[in-house]
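Subject: Structure for your review

Dear colleague,

Please find below the structure that I am handing over to you, followed by an account of what was found in it.

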Amino acid sequence: MKETYKIRHAHASDIDRVNEIYENILAQGERGKDVVGWVRGVYPTRDTAVDALDRGDLFVYEEGGRVEAAGIINQKQMDSYAQAAWTIPALPDQVMVLHTLVVDPAASGRGIAHAFVSFYEQYAKEAGCKVLRIDTQEKNKPARSLYRKLGFHEADVIPCDFNGIPGISLVLLEKAL
């Protein structure tokens, strides 16, 4: 991967492209290549990106002037996180969470997710956090493999309803900084 990319806070002008990435991933799932378990019209939606933009926690990966990935970085832990058997104790203000990391399927395999997670780690360090947390669906083997390679530990698997999608087995991962 060339070092001609940047990861930055998203702008309103990025919303259409972020939503397009969501749609591309949903379409891939509908073609039988579903690894994320999302549901069209339920999660993620355009409003997912707009809400994150409004909060100031939507970030995009831009390469050659084109947004190829997006993610939400904040300190909001999902309700299901309270049920987890975390192995790294931390107060809420010591934890940074990466939500809804998406890479356009047409850009996969180029190290973009790795770069985004590295950015997330540095962002959390600069905010004074000592723990990173991420979640993914149990069936999302590519994400689970990536996160393990990047030093994350699977702390727990929690059955829950996730962002309006019922019956999810949510894998909760953590990493000490």
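Which element supplies the largest share of the lining of the largest pocket? The answer is β4, with six residues. Please bear in mind throughout that this is a predicted model.

The largest pocket

The space in the largest pocket comes to about 1,000 Å³. Its lining consists of 43 residues, and those nearest the centre of the pocket are Val36, Trp38, Thr100, Leu101 and Val102. At least two lining residues come from each of the helices α1 (15-33), α2 (46-55), α3 (112-126) and α4 (141-149). The strands β3 (66-74), β4 (95-103) and β5 (131-137) likewise each supply at least two. Sorted by class, the lining holds 23 nonpolar residues, 13 polar residues and seven charged residues.

Strand β4

Thr100, which is placed in β4, is among the residues nearest the centre of the largest pocket. Its phi is near 50°, a positive value in a residue that is not glycine. Thr100 counts as buried because its relative accessibility is 11%, under the cut-off of 20%.

Val103 also lies in β4. With a relative accessible area of 19%, Val103 is buried; the limit for that class is 20%. Leaving aside residues up to four places away in sequence, Val103 touches Ile21, Ile25, Glu68, Ala69, Ser108, Ile112 and Ala113. The C-alpha atoms of Val103 and Gly71 are separated by 8.9 Å, while the two residues are 32 apart along the chain.

Helix α1

Against which elements do the buried residues of α1 pack? They pack against α2, β2, β3 and β4. The buried residues in this helix are Ile15, Arg17, Val18, Asn19, Ile21, Tyr22, Ile25 and Leu26. Two of these, Ile21 and Ile25, are in contact with Val103.

Strands β1 and β2, and the aromatic residues

The count of aromatic pairs comes to nine. In one of them, Tyr5 and Tyr61 have ring centres 4.8 Å apart and planes at 15°, so the pair is stacked. Tyr5 belongs to strand β1 (residues 5-9) and Tyr61 to strand β2 (residues 58-63), so this pair ties together parts that are 56 residues apart in sequence. How do the two residues stand with regard to solvent accessibility, buried or partly exposed? Tyr5 is partly exposed, with a relative accessible area of 24%, whereas Tyr61 is buried, at 0%.

Lys6 is likewise placed in strand β1 and counts as partly exposed at 44% relative accessibility. When residues up to four places away in sequence are not counted, Lys6 touches Val60, Tyr61 and Glu62. Lys6 and Val60 are 54 residues apart along the chain, and 8.2 Å separates their C-alpha atoms. Tyr61 is thus both the ring partner of Tyr5 and a contact of Lys6.

Elsewhere, Phe59, Phe116, Phe119 and Tyr123 form one aromatic cluster. A charged residue also meets a ring: Arg133 lies over the face of Trp86, at 3.9 Å from the ring centre.

Loops and backbone features

The peptide bond that joins Tyr43 and Pro44 is cis, with omega about -10°. Pro44 is found in the loop between α1 and α2.

In the loop between β3 and β4 lies Leu91. Is this residue buried or exposed? Leu91 is exposed, because its relative accessible area of 54% is over the cut-off of 50%. From C-alpha to C-alpha, Leu91 and Val131 are 9.3 Å apart in space, and they are 40 residues apart in sequence.

Asn163 lies in the loop between β6 (153-162) and β7 (165-176). Although Asn163 is not a glycine, its phi is positive, at about 45°. Asn163 is partly exposed, with a relative accessible area of 30%, whereas Thr100, whose phi is also positive, is buried at 11%.

Conventions. Residues are numbered from 1 along each chain as its sequence is written. This is a predicted model: local features need pLDDT of at least 70, side-chain atom pairs count only at pLDDT 80 or more; totals for chains, interfaces and linings use all residues. Side-chain values use heavy atoms; hydrogens and water are left out. On a 1 Å grid over the protein atoms alone, a cavity is a set of points where a 1.4 Å probe fits but cannot get out, and a pocket is an open set with protein on both sides within 12 Å along at least five of seven lines; lining residues have an atom within 4 Å of a point. Grid points are joined across faces, edges and corners, and a volume is the space filled by probe spheres set on the points. Helices (H or I, at least four residues) and strands (E, at least two) are DSSP runs, numbered from the N terminus. Ala, Val, Leu, Ile, Met, Phe, Trp, Tyr, Cys and Pro count as nonpolar, Asp, Glu, Lys and Arg as charged, and the others, Gly among them, as polar. Buried means under 20% relative accessible area, exposed over 50%, partly exposed in between (1.4 Å probe, protein chains only). Rings of Phe, Tyr and Trp (its six-membered ring) pair if their centres lie within 6.5 Å; planes under 30 degrees apart count as stacked, over 60 as edge-to-face and the rest as tilted. A charge sits over a ring if NZ of Lys or CZ of Arg is within 6 Å of the ring centre and within 35 degrees of the ring normal. Contact means heavy atoms within 4.5 Å.
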